[in-house]
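Please consult the sequence and structure shown here while reading.

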4 protein chains.
Amino acid sequence: MYEIALIGAGRIGRIHAGNVAAEPRLRLSHVVDPVDAAAREVAAATGAAVATLDAVLADPAVHGVIIASATDTHLDYTTRAIAAGKAVFCEKPIDLDLTRARGAADRLGGAGVPLLLGFNRRFDPHFRALQARLGAGAMGSLETLHIISHDPAPPPIAYVKVSGGLFKDMAIHDFDMARWLLGEEPVAVFAAASCLVDPAIGEVGDVDTARIFLRTASGKLCVISNTRRSGYGYDQRIEAFCSGGLIRAGNVRETTVECWGEAGAAADPLQNFFLDRYADAYRAEMTHFADMLAGAPAAVGYADGIAALVLAEAAGRSAAEGAVVTL
Amino acid sequence: MYEIALIGAGRIGRIHAGNVAAEPRLRLSHVVDPVDAAAREVAAATGAAVATLDAVLADPAVHGVIIASATDTHLDYTTRAIAAGKAVFCEKPIDLDLTRARGAADRLGGAGVPLLLGFNRRFDPHFRALQARLGAGAMGSLETLHIISHDPAPPPIAYVKVSGGLFKDMAIHDFDMARWLLGEEPVAVFAAASCLVDPAIGEVGDVDTARIFLRTASGKLCVISNTRRSGYGYDQRIEAFCSGGLIRAGNVRETTVECWGEAGAAADPLQNFFLDRYADAYRAEMTHFADMLAGAPAAVGYADGIAALVLAEAAGRSAAEGAVVTL
Amino acid sequence: MYEIALIGAGRIGRIHAGNVAAEPRLRLSHVVDPVDAAAREVAAATGAAVATLDAVLADPAVHGVIIASATDTHLDYTTRAIAAGKAVFCEKPIDLDLTRARGAADRLGGAGVPLLLGFNRRFDPHFRALQARLGAGAMGSLETLHIISHDPAPPPIAYVKVSGGLFKDMAIHDFDMARWLLGEEPVAVFAAASCLVDPAIGEVGDVDTARIFLRTASGKLCVISNTRRSGYGYDQRIEAFCSGGLIRAGNVRETTVECWGEAGAAADPLQNFFLDRYADAYRAEMTHFADMLAGAPAAVGYADGIAALVLAEAAGRSAAEGAVVTL
Amino acid sequence: MYEIALIGAGRIGRIHAGNVAAEPRLRLSHVVDPVDAAAREVAAATGAAVATLDAVLADPAVHGVIIASATDTHLDYTTRAIAAGKAVFCEKPIDLDLTRARGAADRLGGAGVPLLLGFNRRFDPHFRALQARLGAGAMGSLETLHIISHDPAPPPIAYVKVSGGLFKDMAIHDFDMARWLLGEEPVAVFAAASCLVDPAIGEVGDVDTARIFLRTASGKLCVISNTRRSGYGYDQRIEAFCSGGLIRAGNVRETTVECWGEAGAAADPLQNFFLDRYADAYRAEMTHFADMLAGAPAAVGYADGIAALVLAEAAGRSAAEGAVVTL
């Protein structure tokens with residue numbers, strides 16, 4: 001039984017707290033949050049104690065730390081926790097600033113550093129099944145890849161302002177998926193972006209709609225489609241075009257119910273909320289963190305965070321300049 | 001090039017006339033119809049001559065006759081055309097009266113009699129593909145069979161009155177499909193029927209909703225589902241449950257277009273009209289009739305008509321008496 | 001927080017134990033099982049104590065009892081637990097013998113008796129969504145109902161022998177679904193059954209394949225399809241044909257992954273195991289039990305168990321006699 | 001009844017000949033082909049006369065001309081036929097050379113010139129239904145567009161050599177669809193291309209895999225996906241992402257048959273051959289040509305051919321230079 005401290009008792013922190021409770025090898029021992037009421041609430045529901053970060057890092061009984069606090073604390077807290085000898089599960093992104101993130105390389109970048117970066121989609125059962133078949137060569141070798149990742153509706157402008165922008169906040173997941181599935185690093189990036197959903201997003205200097213193109217050294221092509229508002233739920237699809245055919249993962253509907261009438265057949269809506277769509281992924285992520293505490297290497301870590309951030313910066317530059325960015 | 005006479009220039013007759021025109025081996029030479037204007041119209045559109053049945057049967061140039069006239073003329077016209085040495089393509093049913101139909105056995109029942117009975121569904125590409133895989137044992141041996149056959153909307157009461165009733169008019173197609181796919185004759189029939197769609201149908205002594213059970217000597221089970229009004233188009237599905245899995249044929253939509261919105265994903269309606277849904281089947285049926293003129297045996301003939309009629313009578317009796325009818 | 005005792009630490013008992021642990025209002029306090037090792041294992045995993053049934057029933061701290069022991073103990077344990085003032089969640093069936101089950105009517109049949117009978121499918125989110133739309137008249141009023149319920153593979157013969165037979169063991173769920181969805185009691189039952197899957201099932205006097213027909217007083221028709229072996233996973237589908245169209249609930253696949261190749265598009269298999277397919281239903285069932293402890297009436301109880309058993313007996317008699325059974 | 005001459009009795013010419021025969025307002029009067037046997041064969045099957053182009057153009061009885069000859073004759077024949085006062089249905093492309101094609105502007109570019117350019121997909125019932133709903137604002141206003149157009153297998157190298165290359169030969173259809181659906185002209189093009197399918201295609205200077213980005217003045221984004229070999233049939237899909245949701249048109253399968261087994265559910269393959277997939281479109285195109293002869297304006301003409309060619313050239317340049325091309 002490994003004792004785990006949760007840093008950040010907000011929405012995603014509570015999801016992780018629930019998954020710690022459901023994982024037999026883990027026990028939530030401490031909750032840290034600057035908002036005392038939030039920390040107390042999670043603590044009460046789980047039997048954990050409210051604590052400070054310093055106390056947690058100084059406590060030899062704590063084996064692992066989950067960092068689900070504000071984005072601008074991720075890098076600092078991760079570095080301190082690793083220095084204190086704790087295994088870390090840090091929510092993405094490691095940081096919004098590439099230079100700063102890279103500056104942590106000698107403390108976080110090593111193979112033996114027990115750092116799991118929260119790219120939750122790698123743990124989604126649908127995408128894992130797709131990746132497994134791709135890896136097994138079920139339809140031959142991968143040639144081109146399409147990733148569709150459309151949010152149901154845009155976040156509040158207050159969030160957009162501090163999000164790092166569409167490429168670092170939203171597309172970052174897709175860059176990680178692309179790297180994972182392509183099995184090669186992209187060497188060229190082109191991005192086209194517009195503000196079509198909400199002019200207010202444009203006014204704070206961001207975009208809400210983008211199409212991103214990646215090419216690898218061997219000539220594999222990847223297209224990523226992002227929009228902040230689909231109008232029809234959370235659209236999360238992947239198509240991997242291979243030499244022998246196509247492997248695809250589709251959307252998840254709320255139920256299998258359909259109504260057939262004169263106007264046609266109406267299927268139930270897509271799952272609308274990312275916490276529902278990726279509930280299984282969050283669970284599997286926590287299982288993996290328990291595996292790591294038992295000695296397994298992290299499935300996705302610091303280097304992956306840096307690589308996705310590099311692509312996000314390149315995409316942003318490409319969209320701004322209207323030109324291909326070579327890496 | 002075989003010369004073909006069409007007897008009956010109504011709705012289905014015109015479909016057959018068009019398919020004769022499109023089949024390179026056939027030429028429509030004559031059209032016969034008691035309504036002179038109808039005959040003239042089809043003749044004008046096809047280059048055929050208007051004629052009488054007697055003249056057609058006496059004309060040695062006519063190779064084949066398509067009987068698409070009123071149901072109560074089918075048996076008489078077929079018998080006369082066969083006697084005159086013509087190949088016959090007769091619309092179903094051969095007759096509504098089993099005793100009368102059976103009375104023609106020595107004139108129509110022989111293996112060499114060139115009589116094609118218009119059970120169009122045997123020629124539908126979807127059901128043919130299902131039957132071919134079933135026959136090839138793609139999923140093992142057949143155990144149970146579900147046939148769903150729901151009309152979009154009930155016919156006019158005037159038609160219901162002369163239709164022979166749901167079992168002989170509508171379920172008759174499904175009895176033929178069941179025999180074709182089961183590969184064995186049913187030995188027991190149970191039918192339950194209600195009048196749920198339109199009380200006027202009940203007032204003329206018919207039913208509009210039925211579920212029919214068939215059992216073969218070896219224990220295979222078949223369920224047929226009929227209703228005169230689906231509310232969502234022409235529902236024509238078959239599921240063949242086999243020892244190794246399921247083979248199914250689904251519905252055909254008008255287009256592949258879908259609209260995804262907040263309320264879910266709306267697919268286009270099912271094809272609504274039987275002449276659209278089975279357009280390919282009618283074409284294939286005519287190709288088969290041309291094959292017959294060139295010497296091929298009929299894929300479905302007199303004996304099949306009798307067998308389906310036997311099942312329809314048994315189902316009607318079962319529904320009336322609330323008891324299983326053994327054959 | 002309500003204290004719950006689990007009677008029966010087998011496969012389904014462990015599922016319930018896990019769901020008690022995940023429900024914030026419930027705490028598993030005791031585990032009872034004649035196999036001491038089984039009881040100890042569940043107790044160790046959950047922090048509950050190993051106990052005897054007598055001790056549990058005598059303990060005033062215990063609010064509710066989950067009866068997941070052998071079928072022939074259900075009625076006795078339920079009666080005793082109710083007598084002891086405990087709320088009971090009893091796995092189906094209440095008993096395999098209708099006369100004996102009916103004999104408990106005055107002790108168990110009252111409206112205020114806190115007895116939840118484990119017809120899990122009523123809690124499945126797909127079927128609940130279907131039922132909700134049906135109840136809301138989304139497609140008009142219900143006319144006919146098709147329930148497909150096919151197991152992936154037959155159980156061991158040892159189980160078949162004590163199962164009560166296909167109608168009481170397997171179709172019983174579908175009888176409950178039929179009653180729930182029809183909104184009327186069936187007044188006539190017809191069943192046809194065969195032994196097509198495994199002759200050994202026939203040798204112990206059971207069948208493995210059945211089609212069952214129900215009719216209500218108002219003329220609604222229902223068809224239930226059962227087989228002990230589908231060959232393609234756990235096939236659980238419902239189609240509700242209404243005056244304005246169709247409401248249907250489909251199967252659940254393991255993932256959304258598809259492979260498209262020359263031979264066609266291969267979708268992932270259906271969920272194969274009932275504990276996977278109905279995992280959400282078991283969770284929702286436990287939530288409902290917690291609601292009951294807080295005062296809510298049972299969604300499904302003794303009277304439903306009796307009614308389903310009546311239909312199962314009727315179906316068995318109909319299949320044996322080849323005749324309709326009127327209720 | 002309009003008399004029609006067919007120029008070019010090859011594969012696509014024969015399709016058009018069949019559709020002329022099936023269209024009641026049209027009659028195929030002449031067939032022209034440098035290969036005498038080909039012309040004779042089509043003439044024999046249709047009752048048309050074999051003729052020369054000069055004779056056809058000089059014959060006042062000929063109302064319309066279908067140009068289905070070699071690509072390098074399209075522009076010349078079209079210009080001559082228009083000069084001779086004939087309505088023209090010319091297969092795409094109007095020419096492979098943009099400068100040469102533009103040189104015909106004063107003879108072919110006018111609004112009154114009866115020239116139908118054979119962009120068959122505009123007549124496909126699936127894409128027409130999508131376009132109709134888009135035009136009606138069924139899901140709000142269009143924002144982004146995805147077009148997938150993958151051939152089943154690459155053409156012979158001999159064809160690749162004279163095809164004009166992937167962008168002018170294959171993507172040209174998609175450029176026309178994009179313009180038709182976007183309702184605005186693209187102002188920027190970016191294309192990335194690889195030779196991943198067959199090195200022999202690369203050796204003759206072409207590519208076999210491409211992803212193309214278009215942007216319109218108002219910021220709408222379009223992605224076109226092309227490959228010469230899918231491995232799973234003819235993949236022709238469109239997704240139109242709108243302000244209120246998604247409208248999509250999917251693939252067409254050979255039949256609706258599915259086989260469900262332990263490994264999952266296998267649907268029938270996609271229609272593999274473009275003449276099958278677009279058979280309805282070719283028929284509708286001919287109906288439209290008959291409409292034009294009766295006075296309707298061409299749905300797609302010279303200006304559309306030029307505009308698509310401009311995009312193809314821009315895409316080729318973009319792919320070669322690795323840079324965005326602004327129009």
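## The interface of chain D and chain A

In this predicted model, 38 residues of chain D are in contact with 38 residues of chain A. The size of an interface is often given as the accessible area lost when the parts come together. By that account chain D and chain A bury about 2,700 Å² between them, with 59% of this area on carbon and sulfur atoms.

## Polar and charged pairs

Between chain D and chain A the count of salt bridges is 4. R237(D) forms a salt bridge with E239(A), and the closest N and O atoms of this pair are 2.7 Å apart. Across the interface of chain D and chain A, 17 residue pairs are in polar contact, where both residues have pLDDT 80 or more.

On the side of chain D that touches chain A, at least two residues each come from β7 (142–150), β8 (186–194), β9 (209–216), β10 (221–227), β11 (235–242) and β12 (245–249) of chain D. Sorted by class, that side of chain D comprises 15 nonpolar, 14 polar and 9 charged residues.

C242(D) is accordingly in no disulfide, and the nearest cysteine sulfur, that of C259(B), lies 8.4 Å away, whereas a disulfide would require the two sulfur atoms to be within 2.5 Å.

C242(D) counts as buried because its relative accessibility is 2%, under the 20% cut-off. C90(A) likewise counts as buried, because its relative accessibility is 0%.

Note on methods
Residues numbered from 1 in each chain as written. Chains lettered and ligands numbered in written order. Predicted model: local features only at pLDDT ≥ 70, side-chain atom pairs only at ≥ 80, totals over all residues. Heavy atoms only, no water. Buried < 20%, exposed > 50% of the residue type's maximum accessible area, 1.4 Å probe, protein only. Contact = heavy atoms within 4.5 Å. Buried area = accessible area lost by both parts, 1.4 Å probe. Salt bridge = Lys/Arg side-chain N within 4 Å of Asp/Glu carboxyl O. Polar contact = N/O pair within 3.5 Å; in protein donor to acceptor, adjacent residues only side chain to side chain. Helix = DSSP H or I, 4+ residues; strand = E, 2+ residues; numbered from the N terminus. Nonpolar A, V, L, I, M, F, W, Y, C, P; charged D, E, K, R; others polar.
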